Amino acid sequence: MNVQKLSKILSAFAAFAGLGLLLSGCAHRVVVQQPIPPTTHEVLVAQAPPAPIAEAVPVSPGTEYVWTAGHYAWRGDKYVWVPGRYERRPRPDALWDQGHWEQRRHGWYWVEGRWR
């Protein structure tokens, strides 16, 4: 390969690399962190949820954490298991009210867990 061809190839490569860097600068995205509002809607399901799965509770990462047990969530056409996890207390005296399914007149309603 002669020097002229090599020079053209390197110039083309540099141009493409420069174009990529230029375009990556154009794709600027601003992410604004906003608190997630509490769930205000209820989930109504005609069929009862399955029996909860027995979970092995791992060792706590610290005294400021509370185990939130797993539960079944309704995903449009079926129940899906959501595994339990440790959640950090929002304040030292906070207590966790576990979310649960509640049977009412028209079916089963999901009641979100909450801190109190």
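T68 is a buried residue with a relative accessible area of 4%, where buried means under 20% relative accessible area, exposed over 50% and partly exposed in between (1.4 Å probe, protein chains only). The model is predicted, so that local features need pLDDT of at least 70 and side-chain atom pairs count only at pLDDT 80 or more, while totals for chains, interfaces and linings use all residues. Residues are numbered from 1 along each chain as its sequence is written, and side-chain values use heavy atoms, with hydrogens and water left out.

T68 lies in strand β2 (residues 65-68), strands being DSSP runs (E, at least two residues) and helices likewise (H or I, at least four), numbered from the N terminus. Leaving aside neighbours within four places in sequence, T68 is in contact with G84, R85, E87, W96 and Q98, contact meaning heavy atoms within 4.5 Å.

Four of the five residues of strand β8 (residues 107-111) are buried, so this strand is largely enclosed by the rest of the structure. Its pairings are set out below, with two strands counted as paired if DSSP finds at least two bridges between them.

| Strand paired with β8 | Bridges | Sense | Opposite residues |
|---|---|---|---|
| β1 (residues 43-45) | three | antiparallel | V43 and W110 |
| β7 (residues 100-104) | five | antiparallel | R104 and G107 |

A hairpin through two residues joins β7 to β8.

The chain as a whole has one helix and nine strands, and buried residues make up 16% of its 116 residues. Among contacts between residues at least 6 apart in sequence, 46% join residues at least 24 apart.
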